[in-house]
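Hi everyone, thanks for coming. Let me put the sequence and the structure up on the screen, and then we'll walk through a few spots together.

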Amino acid sequence: MRHIPILAYHRVVDVVPGDDYYGNCLPRTLFAEHMRTLAEAGYHTISLEVASRRMGGDEPIDPKSCVITFDDGYLDTYEVAAPVLRSYGFVATVFVVAGLVGRRSLWDAGKCCTAPLMDWDQLRELARRGWSIGSHTLTHPELARLPVDEARHEIVDSRRVLEQELDRPVKTFCYPFGNWDEITYELVRLAGYAAACNDTWREEHRPFALARRLPGPGPHPLAR
Ligand SMILES: [Zn+2]
């Protein structure tokens with residue numbers, strides 16, 4: 001399968017050391033620098049839906065297209081990251097935990113502090129501005145550890161809830177904790193999604209397990 005770079009972000013926040021269990025927090029200034037780097041290197045952003053069609057097709061791929069994704073739907077995606085993206089004319093795809101919209105990241109409890117998540121109005125506003133909203137299940141479980149029926153419920157019903165609340169098709173998915181196996185993969189494919197993302201430590205690159213890169217404090221992977 002062909003490649004269009006997919007960047008993975010989680011939280012954009014200046015976090016106290018020791019409170020970033022997963023290494024998923026990026027300071028605001030660094031995030032702003034990343035976006036400037038992309039713009040200066042001539043990149044433009046496309047949604048994951050469009051990217052997945054192009055990766056699976058045989059039309060030429062614009063080498064300066066990329067996808068920006070945010071996992072989890074944290075409030076700082078709306079408050080901090082979205083204005084920076086907007087200043088460059090960028091859009092992103094955000095994977096939302098459909099059962100926790102407007103609440104807190106309860107799956108973080110015990111490992112780091114839970115953080116506030118976007119509410120439905122904020123998600124609708126991003127969608128109106130051209131962002132794409134994907135599913136990240138209902139409750140953020142490790143899907144491959146669940147009984148098949150429960151995993152299917154998380155995958156199928158999260159999409160239904162999102163489509164109902166946002167009044168638009170939801171075609172993309174992302175596995176919480178990057179946790180999936182071949183059964184989970186099939187459940188996502190059969191649920192009617194068009195594409196799904198891997199976590200960043202996985203190297204597979206398949207239609208329902210697309211590889212992503214996690215830009216960190218080092219040189220940006222798409223820098224000129
Ligand atoms: Zn997640």
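Before we start, one term: two strands count as paired here if DSSP finds at least two bridges between them. And please keep in mind that this is a predicted model.

With that, let's look at strand β5. Thr-69 stands opposite Thr-93 in β6, and four bridges join these two parallel strands. To get from β5 to β6, the chain passes through helix α3, residues 75–87, in a right-handed β-α-β crossover. Strand β1, residues 6–9, runs parallel to β5 and is joined to it by four bridges, with Leu-7 partnered by Ile-68. Strand β4, residues 44–45, also pairs with β5 in the parallel sense, over two bridges; there, Thr-45 stands opposite Cys-66. Eight of the eight residues of β5 are buried, so this strand is largely enclosed by the rest of the structure.

Now, which residues are the protein donors of the zinc ion? They are Asp-72, through OD, plus His-136 and His-140, each through NE2, lying 2.1 Å from the ion. Along the chain, the spacing reads D-x63-H-x3-H. Asp-72 sits in β5 and His-140 in the loop between β7 and α5, 68 residues apart, so to speak linking distant parts of the chain. Both Asp-72 and His-140 are buried.

Last stop: Val-170, in the loop between α5 and β8. Is Val-170 buried or exposed? Val-170 is buried, with a relative accessible area of 0%. Its contacts beyond the sequence neighbours include Ile-133, Leu-162 and Tyr-193.

Key:
Residues numbered from 1 in each chain as written. Predicted model: local features only at pLDDT ≥ 70, side-chain atom pairs only at ≥ 80, totals over all residues. Heavy atoms only, no water. Buried < 20%, exposed > 50% of the residue type's maximum accessible area, 1.4 Å probe, protein only. Contact = heavy atoms within 4.5 Å. Donors = N, O, S within 2.8 Å, 3.2 Å for Na, K, Ca; no water. Right-handed = clockwise from strand over helix to strand, strands pointing away. Lists of a residue's contacts leave out its neighbours within four places in sequence.
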